[in-house]
Amino acid sequence: MDGRSEFLCGVVEGFYGRPWSMEQRKVLFQWMQRWELNTYLYGPKDDLKHRLLWREVYSPEEEGQLRTLIVESEKRGLRFVYSLSPGQDIVFSSSCDLSLLKRKLRQVSKLGCQAFAILFDDIDHSLCQADSQAFSSFAHAQVSVANEIYRFLGEPPVFLFCPTEYCGSLCSPSVSKSPYLMTVGEDLLPNISIIWTGSKVISRELSVEGLSEVQSVLQRPPLVWDNLHANDYDSRRLFLGPFKGRYPQLATQLRGLLLNPNCEFEANYIPLHTLGTWYRTGREEKKGKKRGEGGEGNEEHQYCPEMALSTALHDWMEELSQPLQPGCLCVCVRVCGCVGVWVVLKRSQLSLISTVHPDVDSDLSEGGDREEREKKLHNNQFQQGPGQPRSPGGVLCVGKAPLSESQIRLLVGLHYLPHEHGPSAQRLLQDLTWLKEHCHLVSANDKKGPPQKAEEWRGRAAGFLGVCEEIAALHSSVVSGVRKAVLYDLYPYVWDLRNTALVAKAFICWLGCGTTTGAELLGVESEPWVFKGGVSGELQMLLPIGSNSELFSHPPPLFPTSRLYNIRPYHNKDKAELYCMVRQLQQGAQGSPDSSPAHPDLIGDRCLGPCLTLCPEYSMVLEDELGVCGCVLGVVDVRSFAKRCQTCWISPPEDQGEYPDSLLYHFPSQLRLDALPDLVDISVTRCLLTALLTALKANGSHGVFCEMQPTDRMRLDFLTKLGFLEIIRGEALHRAGVVLGRLL
């Protein structure tokens, strides 16, 4: 391969975060060969010997791994580019540092590497005292080292240089007037290619005009390090959309284009697949022009991101649904209260499971019709009726079907591109914004509005709730229907969005009940793209409680569960199940059977009755496929609620005592949270609490508190992580309790 004339197109592993594994890189090389890409640049920022410990040579074991990568890339017809980032602490004028740099690159060269890059990105512009005396500028220092290293390596056909001003927004005062870029363009040897990211670090588009300007200053066509799909700057964002905003005709202005993709390897199938389509389209267009077939009207050689995405989606579906090893089955086991732990078992092991869990159908280990088995096991899960205690026994169900095409399109649309959402995400955000702004149409206080307007609101709400349900189903399918490696990479993002959608859905259901006063509905005002979190972050910021990030940003559970959850306002029909739940919790806490079997509702009346009767509009229910599994009850104004209890209720609620005015001034609202202990994913309990806080905030509350026993360490720890602080304890309450509160 003649690297001096070939257009370099491929992948740069240059993100901040855990580098890809050797096995992942081998799969990457297979993808690149299949899609006719030609270049891989090794430069993970968190490889210590690439950046922080750049002076240290590789150990024999590390040498072996690098040699394997180089050989593997050559087998696939790829150019392996090794990069080094010495800029954080190199002394440019030090002969010792220069010798160490040469020693490191000589070691890699002996492993068979023939292409190199030296990177000076994301570093301070200042020079140490010794360098200030040796060089007239920062640019002169970098160019001097780069030129010497290039000559030392024998002037390889591919040698890349990443400047510190690597995009338009970092140039001072501008691209065309930057002294730094002018020096680099004039003094860097002409066969060294210069890296550029575009007008910004993450450029929405690359324009011919912008590239022509930088080409003029650098005196050579730049090589684009494309951060379009990079997500290392935001732990809540993932980019599954197509390669977009770069026309194939730009290749004539470039030395090459390398995509720096998502940190999560399995998330890069579509970005790299569509990059390959883009590259091949440009190459075919160039060939067509040579044959006299060119012209802008020749649609055969036009790159269309949407068409490229459709092709990539079809291929990715096949990758996602690769079968398990022969003789194995994916099952979901619920043992000792642990819901939805997915494991891969050999069929010979199923007899053991059936022995431990006799409720599992015997035909599971004997083959038979899969749909019939799923139906039986599904029915087995839903035998429980309302008002009956949930059994802590084991339930086993066969793995669900792979993701459908519509689910994959939803997944991609919700995690599209940094400057653009997919259609489903756009609709979700637009509907939530509109439903908030027009909630007065269904308010109980607005009797004059035309009925058709209320119906319009309810129609759009139904569409919004439908998308939220699709997100919940997508989360369940990702857990149960994709390969383990894909699940590992995608799950944190799908889980995060599922949780935010749960809260948003509960909020819209609550608005639909007509109980809002409209006090604090607007959420956080902000321009698009300025806050983190992608679709999940934007949904969050549209909620009244959205600025409280501690309610939304938490690590995902260690054991993913495919169980479907729902949070909604309380209905009268829920009373029996809620009473049963608190009775079950009370018995578990006391470690004794029901002390009042003749009066089974006594505990429920004492704990939940006043709130469910006097202010049901601030009661939220958490349910899963087995029924109600949690609830949170709120009181927006404790003072008025206490007065109503005195006149309407025989005895005060269990946790309703007298509270000092100083507490109620800052925290006028109160809550009670209950959830069954068999929830593997405790985040749904957090979502349940957040849904209530959203409703309280929307109706003007500025603070909320709850009282509990000081021995309840689990609940104390849970609330503390959500921003609650201890306000009152012990003697100040004249009882053995502790009060935690948080501002809204």
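This is a predicted model: local features need pLDDT of at least 70, side-chain atom pairs count only at pLDDT 80 or more; totals for chains, interfaces and linings use all residues.
## A walk through the fold

Among contacts in the protein between residues at least 6 apart in sequence, 76% join residues at least 24 apart.

**Stop 1: the whole chain.** Start with everything shown as a cartoon. The secondary structure comes to 23 helices and 18 strands. Now colour by burial, if your viewer can do that: of the 744 residues, 56% count as buried.

**Stop 2: helices H3 and H5.** Select residues 95–110, which form helix H3, and residues 138–152, which form helix H5. Their axes lie 11 Å apart, and the two helices pack at an angle of about 40°. Angles under 35 degrees count as roughly parallel, and H3 and H5 are therefore described as oblique to each other. Look at how they cross: H3 passes H5 in a right-handed crossing.

Which residues make the contact between H3 and H5? From H3, pick Leu 98, Leu 101, Lys 102, Leu 105 and Arg 106.

**Stop 3: helices H13 and H14.** Move on to residues 423–437 for helix H13 and residues 451–481 for helix H14. Here the packing angle is about 140°, and the axes are 10 Å apart. Roughly antiparallel begins over 145 degrees, and H13 and H14 are therefore oblique to each other. Is the crossing of H13 and H14 left-handed or right-handed? It is left-handed.

Show the side chains again. On the H13 side, the contact is made by Arg 427, Leu 428, Gln 430, Asp 431, Leu 432, Trp 434 and Leu 435. Facing them, H14 brings Glu 456, Trp 457, Arg 460, Ala 461, Phe 464, Val 467, Cys 468 and Ile 471. Colour the residues of this contact by type and you will find ten nonpolar, one polar and four charged.

Stop 4: Select Cys 580 first. Is Cys 580 buried or exposed? Its relative accessibility is 7%, and because buried means under 20%, Cys 580 counts as buried. Then select Cys 706: at 4% relative accessibility, Cys 706 counts as buried too. While you have cysteines on screen, how many disulfides does the structure hold? The count is zero.

Technical notes
Residues are numbered from 1 along each chain as its sequence is written. Side-chain values use heavy atoms; hydrogens and water are left out. A disulfide is a pair of cysteine sulfur atoms within 2.5 Å. Buried means under 20% relative accessible area, exposed over 50%, partly exposed in between (1.4 Å probe, protein chains only). Axes are lines fitted to C-alpha atoms, for helices over the stretch in contact, and angles run from 0 to 180 degrees between N-to-C directions. Helices (H or I, at least four residues) and strands (E, at least two) are DSSP runs, numbered from the N terminus. Angles under 35 degrees count as roughly parallel, over 145 as roughly antiparallel, 65 to 115 as roughly perpendicular and the rest as oblique. A crossing is left-handed if the near helix is turned anticlockwise from the far one by less than a right angle, and right-handed if clockwise. Contact means heavy atoms within 4.5 Å. Ala, Val, Leu, Ile, Met, Phe, Trp, Tyr, Cys and Pro count as nonpolar, Asp, Glu, Lys and Arg as charged, and the others, Gly among them, as polar.
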